[in-house]
Amino acid sequence: MSALRAQDLWRELQVLQPAPGRGPPTFMGARGEPLLSFASNDYLGLSAEPALRDAAIAEIQQSGVGAGAAPLLGGERPAHAALADALASWLGVEAVLLFGSGYLANLGVISALVGRGDRVYADRLNHASLVDGVRLSGARLHRYRHGDMTHLAQWLERGGRGQAWIITDGVFSMDGDIVPLPELATLARQYGAGIILDEAHAFGVLGLEGKGTVAHWNMKLHEVDVIMGTLGKAFGVYGAFVAGSQDLVDLLRNRARSFIYHTALPSALAVAAFAALDLLRYGDARRERLTQHRQHLRAQVPDAPWLASETPIQGLLLGDARRALAVSAQLRTAGLYCPAVRPPTVPADSARLRITLSAAHSHDDIELLAAALRGIL
Ligand code: PMP
C-alpha cells in the first residue's frame, strides 16, 4: 500500500454532495464549496429528469425498495419484463435479459458463452469487466493492439482449437474512440468468430435513436452475436442488459452465474429505465447539444494534448500520474471536478484527465472549463 502512495497511485473516495438548486452536474465539495462535475457518464443528463424520478417513486410506493430475491426465485416483477420488452423492440432484437450491473453482465455472459478450450481475441484497452469475464471463462486470451485490425487479423490467422470470440468495447471507456466495427465484423465472418460488443458508452450517444456503435456504422444488429448495455450511464439509472437472440437469452438465463445468483434489480430502477428509454431514443436534441459542447471545448483549447475522440469522453493525455493529479487539483481549485485517471485503469505512462461532457452542461459550463484549461496547460 505504501508503494501505491509513493507512485501517486493511491485512491480515495471523492464525495460530491448534491448542491441545492440546479442538480447534477453541479455539486458541493466536502467544505460546501461549489463544484461543477465533468466526471459523470450521465451523458444525456437523464439522471435528474423528473420523469425518471416520479416513475421510481411511484414504484417504490407500490412495491417497496428492494426486489428481495433472485430473478428466478421471486424477484422478477412486471416492471422488469416491461423494460426487457421495450429494450428489445428499440434495438430490434428477439430478446433482452436484465442484469444487476454491466460488470455482472460481462462476467456472466463471457463465462457462460466462452469455454475453457476456446480462444478470445480482445482489444488491449477493453474494460476491466471484459478482461475479468475472460479470466473466469478460463479461455486462452490474445490481446491485440488498440483498434489495430491488422494485428487482430494476424492473431486470427494463427488459428487454434475451440471457438474463436472477438470481444470489444464499442466506445472505449478511457479514450472515447469508436471501434472500427465494419472491419472487425468482416474478420469475424472470415474466421468464423463470434462477436461480443460492450455498448456501455455507446447506447444513447451514438447512432440513430441512440442505438449505439452498430447503428453508428450503419450495420445491422444481427451482425453482432451479443450486445451488452448498461443502464448506469446514458440511461441515467443503474443496472444493465444483454440483447440478442432468444436462444442467447435462454442460455444466459440458465447458465450465467452472475444472473442466476444475484438479487434482481430493484423494480423502481426498472421503471425509471423504462421512462429513460423514450427520452434516450428520441433524444436527438440532447445528442446534438453534446456534439456542440465537444466541438466548442476542442475549439477553445486547440493546443491541449487531446486524445482523438468523437464522443463525450474527452481525454487529456498527461503521461505522468503526478502531473495528472496536479492538473486535476488545479481545476478543483477553480471549482471544476475532472478526475485524474491513472494506471492500472489506463496503461503505464498514459495518466490523463478523463473529461466527460453531458447534455446537462450549459454552454457557460463549457466556457468555464475551457478558460480554466487554457490557464493551466
Ligand atoms: N463496460 C464498460 C466499457 C464500462 O465502462 C463499464 C463501467 N465503467 C462497465 C462495463 C460496467 O458497467 P456498470 O457500471 O453498469 O457495472
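Okay, let's start with Leu 156, which sits in helix α6, the stretch covering residues 149–158. Keep in mind that this is a predicted model.

So, is Leu 156 buried or exposed? Well, we call a residue buried if 20 or more other C-beta atoms lie within 10 Å of its own. Leu 156 has 21 C-beta neighbours inside 10 Å, and that's why it counts as buried.

Who does Leu 156 touch? If you leave out residues up to four places away in sequence, you get Tyr 121, Ala 164, Leu 187, Tyr 191 and Ala 193. Now hop over to Ala 326, which is 170 residues from Leu 156 along the chain.

Okay, zooming out to the domains. The assignment gives domain 1 as 50–281, while domain 2 comes in pieces: 284–314, 327–337, 350–357 and 368–377. Going by C-alpha atoms, the centres of the two domains are 28 Å apart. Where they meet, domain 1 puts in nine residues and domain 2 puts in ten. On the domain 1 side of that contact, you'll find four nonpolar, three polar and two charged residues.

Last stop, the ligand. There are 14 residues around it, and the ones that come nearest are Ser 101, Gly 102, His 127, Ala 200 and Thr 230. Which helix gives the largest share of that shell? That's helix α4, residues 102–113, with three residues. And sorted by class, the shell has nine polar residues, three nonpolar and two charged.

Conventions:
Residues numbered from 1 in each chain as written. Predicted model: local features only at pLDDT ≥ 70, side-chain atom pairs only at ≥ 80, totals over all residues. Domains from an automatic or database assignment. Contact = placed C-beta atoms within 7 Å. Nonpolar A, V, L, I, M, F, W, Y, C, P; charged D, E, K, R; others polar. Helix = DSSP H or I, 4+ residues; strand = E, 2+ residues; numbered from the N terminus. Buried ≥ 20, exposed ≤ 12 C-beta atoms within 10 Å, placed from the backbone. Near = placed C-beta within 6 Å.
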